[in-house]
Amino acid sequence: MKNDLILSVAAIAVYIVGGLATFGGIAVVLLMKGKDFFGLGDAYGIGYLMICVGLIMSVLGVLVMRILRNRL
């Protein structure tokens, strides 16, 4: 029972962090306009990376929630 709760909280956390990363990436792309992003590189590259990783994390969170819902 305790393990199921931990997995459920982790799935929701991954889903929320994925959404924040997605919208943060959109903000970086739109607001930075190709400037240097804290010495990490071009803002477009980092922004698109954040968008893609955020979308993947959101999909992963939804899939884990669906699996846990069907298993419990």
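## Position of Ile-12

Ile-12 lies in helix H1; helices (H or I, at least four residues) and strands (E, at least two) are DSSP runs, numbered from the N terminus. The model is predicted: local features need pLDDT of at least 70, side-chain atom pairs count only at pLDDT 80 or more, and totals for chains, interfaces and linings use all residues. Residues are numbered from 1 along each chain as its sequence is written, and side-chain values use heavy atoms, with hydrogens and water left out.

With a relative accessible area of 42%, Ile-12 is partly exposed, a class between buried (under 20%) and exposed (over 50%), for a 1.4 Å probe and protein chains only.

## Nonpolar surface patch

Ile-12, Tyr-15, Ile-16, Leu-20 and Val-62 form a nonpolar surface patch of about 460 Å². Patch residues have over 30% relative accessible area and no salt bridge, and nonpolar side chains (Val, Leu, Ile, Met, Phe, Trp, Tyr) are joined within 5 Å, like charges within 9 Å. A salt bridge is a side-chain nitrogen of Lys or Arg within 4 Å of a carboxyl oxygen of Asp or Glu. Helix H1, residues 2-32, gives the most to this patch, with four residues.

## Overall form of the chain

The chain has two helices and zero strands. Its C-alpha trace spans about 50 × 15 × 15 Å along the principal axes.

Of the 72 residues, 24% count as buried. The chain exposes about 5,300 Å², of which carbon and sulfur atoms supply 75%; accessible areas come from the Shrake-Rupley method with a 1.4 Å probe, and for residues only the protein chains shown count as cover.
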